[in-house]
Amino acid sequence: MPLLRLFLKPGVDKQNTEYGAEGGWVDSDYVRFRYGLPEKMGGWTQFGSTLVSFVGSTSNIFTWNDLEGSPYAALGTNRKVYAFYGGAWADITPIRASGACTFSTTSGSTTVVVNDAAHGAVQGDFVTFSAVSGNPGGITNASLTNEFEVQEVLTTGTYTIVSPTSATSTTTAGAATATYQINIGGDISFVDFGWGTGTWGLSTWGTPRPASAALALLARVWQFDNFGQLLILQLVDGGIYEWDPDSGLGTRATAISGAPTKSKFALVSTPDRHLVCFGTESTLSSPTTQDPMFVRFSSQEDINEFVATATNTAGGQRLTDGNEILSALRSRGQILIWTDLSIHGQQFLGPPYTFGFQQLGANCGIISPHAAADVNGVAYWMSKDAFFVFDGTVKKIPCTVQDYIFEDLNIAQATAVNVGINTQFNEVTWFYPSLSSDYINRFVTYNYMENVWSVGTMSRTAWTDVGTFEKPLASEYDPLDTDATITTIYGLTAGRSYLYNQEDGVDANGVAIDAFIYSGYFDLGDGDQMLLMQKFIPDFKRQVGELIVRLLLRAYPQASAVASSLDPYTITPTTQFVSTRARGRQIQLRIESDELGGWWRYGTLRVDVQPDGMR
């Protein structure tokens with residue numbers, strides 16, 4: 001009989017049933033679509049000469065060049081901020097306060113109580129002691145002249161640390177200067193509707209509290225940008241800082257003088273160069289006046305001047321249609337601003353109004369601060385129930401995996417959702433946590449040139465495209481990891497991030513990648529008949545290593561699938577044809593690979609089929 005070609009349309013379709021998706025693909029992992037064909041995704045390698053672990057979960061990676069063209073990178077986690085230059089990393093986390101302290105020790109114990117009347121620390125904060133004297137409790141001054149994690153806050157004036165050596169006496173002694181980094185944030189979000197939530201005396205005993213009384217403790221997120229060579233660091237729903245590469249890796253970021261002390265997002269506008277803070281204070285330096293819908297911008301070319309006068313271009317504007325501003329993005333000719341419900345445009349007009357604002361769309365809010373990406377003036381973003389594009393008008397993107405994504409999205413951890421652009425492959429990818437996880441464990445990719453979708457399980461908490469560096473950079477988080485970090489911190493608890501060069505090789509930093517793609521079930525022939533597949537001819541381009549092809553058969557859409565008698569089939573780069581003896585009405589094609597160094601792109605399978613009896 002003539003060979004039957006199995007043409008399969010590109011993209012993963014999970015909106016249909018496995019039979020309804022006949023002629024297409026229904027599931028995949030570590031597979032992308034390019035030129036209409038599925039292929040194994042690229043791998044990743046460690047960034048830098050050695051694999052470095054960072055404290056906490058990374059929420060943003062930013063790369064830029066200084067005025068001499070030297071490349072820099074910044075990485076912000078829920079607990080630290082790091083900067084990279086010239087092959088070295090440094091901790092540039094801002095300092096919150098410093099003060100004098102003493103130590104209380106217990107003989108034979110490494111637990112040390114630090115006495116500081118106004119420390120302001122929370123559990124998990126970081127403190128560095130200097131000018132230590134007195135060898136308190138027999139612990140040497142040198143042992144305490146280090147960085148420590150706060151283990152437990154006992155009172156407003158005391159907390160504990162873990163010393164590298166045990167005390168030899170029980171005493172309160174010694175003296176030091178304690179320098180505190182800004183308070184840490186969480187790596188996951190919490191929403192509490194329980195007893196005690198809301199203001200004192202709200203409602204009556206035994207009456208459920210309204211949703212507005214919920215207490216939301218959101219995971220920490222950083223937003224980075226650059227003002228020339230200056231790094232701008234906005235702590236989402238917190239303060240804003242700057243770091244100058246000329247000051248060297250040995251210096252820390254500092255608060256921007258004159259800027260708002262509490263904002264939800266920040267960007268530098270171009271080409272006019274205003275520092276714009278979103279969801280910020282209506283009264284400067286007064287965090288209690290934070291208005292989640294208020295936009296405030298600095299004077300042109302001056303990130304320290306936010307007070308509007310007759311001789312500068314500073315000012316502000318309150319937006320409507322939404323409860324809070326969540327994100328913003330520079331796009332073609334304007335800044336796009338997203339609230340939880342809508343999208344607005346901010347355009348530079350010049351004096352006397354400086355900026356003009358207009359609403360661009362409604363019922364199209366964004367799910368998280370880092371869920372929007374701009375590609376050549378076209379913006380893509382993820383909301384709480386759909387994907388959208390803005391190319392002059394707001395449109396919902398038809399999505400063949402929409403139910404699969406949003407029915408399995410852990411909305412309580414929505415703040416963690418982040419997007420990555422991979423312009424080399426025309427892809428926008430959103431990384432998100434499924435219902436079974438508090439941490440990112442899945443991704444969905446949209447190829448905007450070919451208009452197809454794919455899904456998978458690669459977990460990346462932040463991503464930045466090629467530009468300053470030759471490969472995309474992305475981070476992975478392990479909440480249980482306790483590896484040593486770039487600096488020695490005593491008493492350091494678990495939770496580490498790692499940074500990778502993406503699309504580098506075909507393996508997962510030296511480990512084989514398990515990749516697969518499954519087709520929908522399709523009929524081997526027309527009419528109500530059983531068919532016998534005698535053989536198939538594989539067609540893979542640039543195949544390296546072995547891969548597995550499986551054929552699952554069934555008689556009816558609701559019937560259980562059965563593997564063919566010779567299944568699975570190992571395909572090498574030299575395999576010409578495969579004998580199968582596979583019998584059924586409908587068949588599903590599965591391609592799987594887990595070989596170190598392996599790669600493949602699927603072409604068109606050809607099969608030899610003939611009618612067969614029911615028995």
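User: Which strands each supply at least two residues of the lining of the second largest pocket?

Analyst: Strands here are DSSP E runs of at least two residues, numbered from the N terminus. In this structure, the contributors are S7 (58–65), S20 (222–227), S24 (265–268), S28 (325–331), S32 (372–375), S36 (418–422) and S40 (462–464). The model is predicted: local features need pLDDT of at least 70 and side-chain atom pairs pLDDT 80 or more, while totals for chains, interfaces and linings use all residues. Numbering starts from 1 along each chain as its sequence is written, and side-chain values use heavy atoms, without hydrogens and water.

User: What volume does the second largest pocket have, and which residues are closest to its centre?

Analyst: On a 1 Å grid over the protein atoms alone, a pocket is an open set of points with protein on both sides within 12 Å along at least five of seven lines, a cavity is a set where a 1.4 Å probe fits but cannot get out, and lining residues have an atom within 4 Å of a point. Volume is the space filled by probe spheres on the points, which are joined across faces, edges and corners. Here it is about 790 Å³. Of 30 lining residues, Phe62, Leu329, Ala372, Ile421 and Thr464 are the closest to the centre. The lining comprises 16 nonpolar, 10 polar and 4 charged residues.

Technical notes: Helix = DSSP H or I, 4+ residues; strand = E, 2+ residues; numbered from the N terminus. Nonpolar A, V, L, I, M, F, W, Y, C, P; charged D, E, K, R; others polar.
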